[in-house]
Amino acid sequence: MNSAQHTVPSGPRPMKPPMKVSIVVAVALFLVLMAINQPLKTGSAPQGIVSFQLAGTADQAYAIIRSWRENGLIWAQMSLWVDFLFIAAYLAALLQLTRHFTRDRPGIRERKVARWVRALFITAGLSDVAENIVLLNNLSPPTDSMSMTATILALIKFTGLLLGVAGLVIIRAARRHPLGHS
């Protein structure tokens, strides 16, 4: 056999087409959501739909809805429905990115971290879906229980995404090969 056939590629492995597509779709949908969010930014909702996600009480949610007026409610509903597509896209992209980052990391520690990272991303995605359902139901009329539930789900989502991304950094920072031979 030729020794060239047994060489290990030295550079980073290229992304597979499905991962590229899911990243492009996730970025495109994120940009659409950012555009939809612009008319939702008001004095009562300085962060637009994110302010509504974190309202916490019926009074705060109602103040935000009032500040959006009738036209804003249409944008809010559109944002929540488009977000369902975004959830699928970002979840696919993050799960594929986790697999991509662990392809050349055969260690037990890296595999354990990758399992936790995937669980965090899935938890974040499921929380995001549940949050959108709660928010759609909290548009008319808002209640304290729905507002608080949406806030808790949003915090679970943001925490899962943040910790998952931190896990990806840990996976990539792990050495590919030990420094010295034992």
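**Helices, salt bridges and rings**

Reply: The 30 residues of α4 should span 44 Å at 1.5 Å a residue, and its end C-alpha atoms are 44 Å apart, which agrees. The expected span here is 1.5 Å times one less than the number of residues in the helix. This is a predicted model, in which local features need pLDDT of at least 70 and side-chain atom pairs count only at pLDDT 80 or more, while totals for chains, interfaces and linings use all residues. Residues are numbered from 1 along each chain as its sequence is written, and side-chain values use heavy atoms, with hydrogens and water left out.

Me: ok, and what does the secondary structure of the protein come to?

Reply: The protein has five helices and zero strands, and from the N terminus on its elements run α-α-α-α-α. Helices (H or I, at least four residues) and strands (E, at least two) are taken as DSSP runs and numbered from the N terminus.

Me: which residues of α4 are buried?

Reply: The buried residues of α4 are E110, A114, V117, F121, A124, G125, S127, D128, E131, N132, V134 and L135. Buried means under 20% relative accessible area, exposed means over 50%, and partly exposed lies in between, computed with a 1.4 Å probe and protein chains only.

Me: what do they pack against?

Reply: The buried residues of α4 pack against α2, α3 and α5, where a contact means heavy atoms within 4.5 Å.

Me: and α5, how far does that helix reach?

Reply: Helix α5 covers residues 144-173, and its 30 residues reach 43 Å from the first C-alpha to the last, close to the 44 Å expected. Its buried residues include A150, L153, A154, K157, G160, G164 and G167, and what covers the buried residues of α5 includes α2 (49-53), α3 (58-102) and α4 (108-137).

Me: K157 is in that list. Which residue has its closest O atom 3.7 Å from an N atom of K157?

Reply: That residue is D128, with which K157 forms a salt bridge. K157 lies in helix α5 and D128 in helix α4, so this pair ties together parts that are 29 residues apart in sequence. A salt bridge here is a side-chain nitrogen of Lys or Arg within 4 Å of a carboxyl oxygen of Asp or Glu.

Me: what about E131?

Reply: The side chains of K157 and E131 also meet in a salt bridge, at 3.0 Å from N to O. This pair links distant parts of the chain, with K157 in helix α5 and E131 in helix α4, 26 residues apart.

Me: is K157 buried or exposed?

Reply: K157 counts as buried because its relative accessibility is 5%. D128 is buried as well, at 2%, and E131 is buried with a relative accessible area of 0%.

Me: how many salt bridges are there by this rule?

Reply: The count comes to three. One of them joins the side chains of E110 and R109, at 3.7 Å from N to O. In this pair E110 counts as buried at 10% relative accessibility, whereas R109 is exposed, with a relative accessible area of 53%.

Me: switching to rings, how many aromatic pairs does the structure hold?

Reply: It holds four aromatic pairs. W81 and F84 form one that is tilted, at 5.4 Å centre to centre and 45° between the planes. Rings of Phe, Tyr and Trp (its six-membered ring) pair if their centres lie within 6.5 Å, and planes under 30 degrees apart count as stacked, over 60 as edge-to-face and the rest as tilted.

Me: where do W81 and F84 lie?

Reply: Both lie in helix α3, three residues apart, about one turn of the helix. An α-helix has 3.6 residues a turn, so residues three or four places apart point the same way. W81 is exposed at 54% relative accessible area, while F84 counts as partly exposed at 22%.

Me: which residues do ring pairs link into a cluster?

Reply: Ring pairs link F30, F86 and Y90 into a cluster. F30 is found in helix α1, residues 17-37, and counts as partly exposed because its relative accessibility is 40%.

Me: last one, what share of the protein is buried?

Reply: Buried residues make up 38% of the 182 residues in the protein.
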